[in-house]
Amino acid sequence: MHQVPYRKIDYHLGLDHEAHDVTYFGTADSIAEIPERLRCGRVVLDGPDGPAEQIIARTRREDGWEQVLALSEFGILEAAAIREHLGIPGPDRAGLELIRDKVAMKRALVDADVRHPRFVAAPPASGRLPWTGRTVVKPRLGASSDGVTIHETAEEAVAHHRGLPDREGYQLEEYVEGELLHADGLVTAGRVSDLVVSRYIGKPVDFAAGAPIATGQLPPDPRHTAFTEQVVEALRIEAGCIHLEFFETAGGELVFLEVANRLGGGGIVTAHLRHTGVHLARHEIAIRLGLPRPDRLAPSGRYHGFAIFPGHRLDPARPWRTEVPEHLRGHPALDRLHLLEDPGTEAGGGSARITYQEWQVPAFIEASHPDPVELARFLADCTRSIRVSQPEPAHTPGGPRP
């Protein structure tokens with residue numbers, strides 16, 4: 001199921017298309033990304049039904065399919081239905097909901113003694129939540145903080161929830177104060193490996209609201225590793241990539257936020273590769289298909305991170321201006337500065353859709369430094385000092401405004 005941009009995974013580097021018969025199912029745009037020279041089948045899903053229904057309609061057990069590979073968060077549950085249709089063993093829907101449904105995943109953590117925010121799938125009839133302060137309302141199956149709102153009181157959150165047209169698709173949880181971290185690595189037969197933890201500067205919910213965010217890698221910490229292993233065990237994650245987000249409070253307590261059994265977004269794949277020598281997507285393909293894992297490359301010896309400047313709040317019909325101070329352009333921590341000057345040059349730039357892809361946002365910074373503290377300082381400076389603006393169209397004094 002081809003749903004993650006091809007350039008983010010480079011399937012041909014992780015899977016020998018001459019030795020294996022591979023067929024890609026996806027939209028016309030996603031199929032067009034596949035290199036023409038690649039030996040593979042290509043099936044465009046262009047019907048009104050969802051991807052799972054379309055794939056099921058076009059495949060049979062007699063065709064000899066052996067594996068279904070879904071590397072996108074939005075294909076995990078659909079892949080279970082396809083495997084069932086084709087008689088291919090793998091995780092069932094009930095197990096997969098633990099890593100997709102934010103209510104199911106937190107319920108599973110209750111008995112595992114993993115600290116998590118207090119939450120409810122829906123407010124009780126009285127409208128009173130078990131807490132009173134800041135409250136988050138978020139989609140149960142969402143990603144990228146799309147649709148997430150933060151309210152100053154539980155009462156305001158309940159009122160907002162009651163006004164939603166599809167209340168069943170949302171949950172409410174208490175707001176946790178603390179620094180937000182993310183852990184990215186691999187799971188093989190339930191065991192975590194190649195884990196790297198990074199700290200956010202800003203939060204994904206800020207990015208959704210139109211503010212830049214950044215993230216920088218941290219030195220290994222046994223507490224972070226143990227916490228990740230505890231979550232993986234509690235949620236019965238058996239294979240593939242993990243992207244875990246959790247808080248570290250001022251008192252040093254680790255608090256679960258959410259986890260995904262897939263690649264992290266933005267520059268995580270590149271940063272992880274340079275820091276560890278492990279390309280997460282290529283290794284995930286090998287793990288999921290039972291193939292030998294690729295050789296790891298030489299690590300850089302540096303800590304890596306990136307900063308992203310959102311474009312989904314900009315008007316795609318008008319140009320924007322990105323100002324990068326000279327002291328940042330010449331900084332030794334800067335590895336790459338990607339600027340998208342024209343919103344019409346790449347799909348996604350300036351659209352209403354939230355995206356972390358470096359080729360779809362106005363500005364994207366890749367950075368590294370031998371000292372993680374210096375890296376964090378540089379990235380924080382980037383989020384403060386780089387300006388993306390969209391001037392109002394010029395108009396003639398006394399005349400009508402555009």
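These legends describe close-up views of a sheet in a predicted model.

View 1. Antiparallel pairing links 8 strands into an open sheet, in the order 11-10-7-8-9-12-15-14. The edges are taken by strand 11 (254-260) and strand 14 (334-339); each has a single partner strand, so one side of each is left without a neighbour in the sheet. From one strand to the next, the twist averages 20 degrees.

**View 2. Strand 15 paired with strand 12.** Strand 12 (residues 303-309) and strand 15 (residues 363-369) run antiparallel and are joined by 7 bridges. Phe309 has Ala363 of strand 15 as its bridge partner, and Tyr303 stands opposite His369 in strand 15.

**View 3. Strand 15 paired with strand 14.** These two strands also run antiparallel. The number of bridges joining strand 14 to strand 15 is 5. His338 stands opposite Phe364 of strand 15.

**View 4. Side chains of strand 15.** In a regular strand, side chains alternate between the two faces of the sheet. In strand 15, Ala363, Ile365, Ala367 and His369 point one way, and Phe364, Glu366 and Ser368 point the other way. Strand 15 is mostly covered, with 7 of its 7 residues buried.

**View 5. Helix 14 against the sheet.** Helix 14 (residues 372-385) lies across strand 8 (191-201), strand 9 (213-217), strand 12, strand 14 and strand 15. Helix 14 runs at about 10 degrees to strand 12.

Technical notes: Residues are numbered from 1 along each chain as its sequence is written. This is a predicted model: local features need pLDDT of at least 70, side-chain atom pairs count only at pLDDT 80 or more; totals for chains, interfaces and linings use all residues. Side-chain values use heavy atoms; hydrogens and water are left out. Two strands pair if DSSP finds at least two bridges between them. Helices (H or I, at least four residues) and strands (E, at least two) are DSSP runs, numbered from the N terminus. Axes are lines fitted to C-alpha atoms, for helices over the stretch in contact, and angles run from 0 to 180 degrees between N-to-C directions. Contact means heavy atoms within 4.5 Å. Buried means under 20% relative accessible area, exposed over 50%, partly exposed in between (1.4 Å probe, protein chains only).
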